[in-house]
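Reader: I am new to this structure. Could you walk me through how to read it?
Author: Gladly; here it is.

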Amino acid sequence: MRILFAGDASNMHNCLAQELRRMGHEATVASDGSRWMNTHRDINLLRRPGFCGTLRYLWDIKRALPLMTGYDIVEIASPIFLRLRPHRVARVFDYLKANNTHVVLSALATDVVYFDACHDGKTFRYSDYMLGDEPSPYVNSSEYVAQQQDNWRQPFMREHSEHILGGIDGVVACLYEYYAAYKPVMGDKVAYAGIPIDTEALSFRPLEEAPDKLRLFIGIQRDRHVVKGTDRLLAAMKRVHDRYPGITELDVVENLPYDEYTRRMRDSHVILDQLYSYTPSTNALIAMAQGLVAVSGAEPEYYDLIGETVNKPIINVSPIVEGDIDHKLSWLVEHRDQLPQMARASRAFVEKHNAASVVAQRYLDYWKTLC
């Protein structure tokens, strides 16, 4: 098959493309490299700041469009797969639809459908936006305003979403949350595939015995600190470190490129990631593949979706249970003897559910139903 990935997030489409090439398919990635992560792309669509940066970006897109035709599948990264106003994105979408066989949406980021599911009071117990019936810290933060989140409510964004959803041939979700949000809207057009992890490129470094000190690792995205919940996770890390000063160490990194980020985490034992998620996402899975224990989201609904009943190695922390993060981090400090077994279980989990070959095959199986 010939596959074009338009847009990317956290290296997901690039990882898929690499695996598809190993499987004998032709795959092209046109993206901005997930901005500061600087992930690989075949067609560079990085938008630089300023007026000149905008002109160059528009020129790069115009020059790239003839190269983005004749594919069996175009997989777009969200309804806003370019850093343009919706009406401009829609024009590019229409071009891709007219000049390729099928267009599929990767549900991998916030959009109108996910935004609505977070606010409907029934899809999730908690989310980036709501904790039960109360707004999350994100809603009351400067991040919410800076990222113009209220635009999801506006007619122009909803019209754009309807245009995209009316034109796509299907949806593939990478997280339980996106699957749960899209299933009522798109029905049988929705499939779950998971996040691909290149386990062959991430060496497993097993612990042979309990470490003297527990090393806790957290990566912060400067402009997404509150929405990811890393503000609360970091505060809990510091409290636990103060409680166990001689047997804990903290490693806090911020906005590192993808390759450096994966190297930096290797010497730690535990990663903290994604407080408001039902599902472990890319950072947690990359860490688990290397033998770290993930403190993240792993709700029963997620395990039910992937059919896992035995190996449940993720430390699920709740944003709505008082003291839950501190309690579970303290447990890890006091039960360091459990880390070698948990590390092996973490690697096995990723190999079974998220290895790039496994996820790529799910995509292929779904795309074949369209063709």
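Reader: At what angle do helix α10 and helix α13 pack?
Author: Some ground rules come before the answer. This is a predicted model, where local features need pLDDT of at least 70, side-chain atom pairs count only at pLDDT 80 or more, and totals for chains, interfaces and linings use all residues. Residues are numbered from 1 along each chain as its sequence is written, and side-chain values use heavy atoms, with hydrogens and water left out. Now the general idea. Two packed helices are described by the angle between their axes and the distance between the axes. Helices (H or I, at least four residues) and strands (E, at least two) are DSSP runs, numbered from the N terminus. Axes are lines fitted to C-alpha atoms, for helices over the stretch in contact, and angles run from 0 to 180 degrees between N-to-C directions. Here, α10 (residues 282-289) and α13 (residues 339-353) pack at about 120°, with axes 7 Å apart. That makes α10 oblique to α13. Angles under 35 degrees count as roughly parallel, over 145 as roughly antiparallel, 65 to 115 as roughly perpendicular and the rest as oblique.

Reader: Which residues make the contact of α10 with α13?
Author: Contact means heavy atoms within 4.5 Å. From α10 come Leu-285, Met-288 and Ala-289. From α13 come Ser-346, Arg-347, Phe-349 and Val-350.

Reader: How do α13 and helix α14 cross?
Author: Their axes cross at roughly 25° and come within 6 Å. That makes α13 roughly parallel to α14 (residues 356-370). Glu-351, Lys-352 and His-353 of α13 meet Val-358, Val-359 and Arg-362 of α14.

Reader: Which residues touch the most other members of the largest nonpolar core?
Author: In soluble globular proteins, nonpolar side chains tend to be buried together. A nonpolar core is a set of buried Ala, Val, Leu, Ile, Met, Phe, Trp, Tyr and Cys residues joined through side-chain atoms within 4.5 Å. Here that core has 129 residues, and Ile-76, Ile-168, Leu-329, Leu-332 and Trp-367 touch the most other members. Its largest share, seven residues, comes from helix α7 (residues 176-186). Leaving aside neighbours within four places in sequence, Leu-332 contacts residues including Leu-214, Val-270 and Met-342.

Reader: Is Ser-136 buried or exposed?
Author: Buried means under 20% relative accessible area, exposed over 50%, partly exposed in between (1.4 Å probe, protein chains only). Ser-136 is buried, at 0%. This residue sits in the loop between β7 (134-135) and α5 (142-146).
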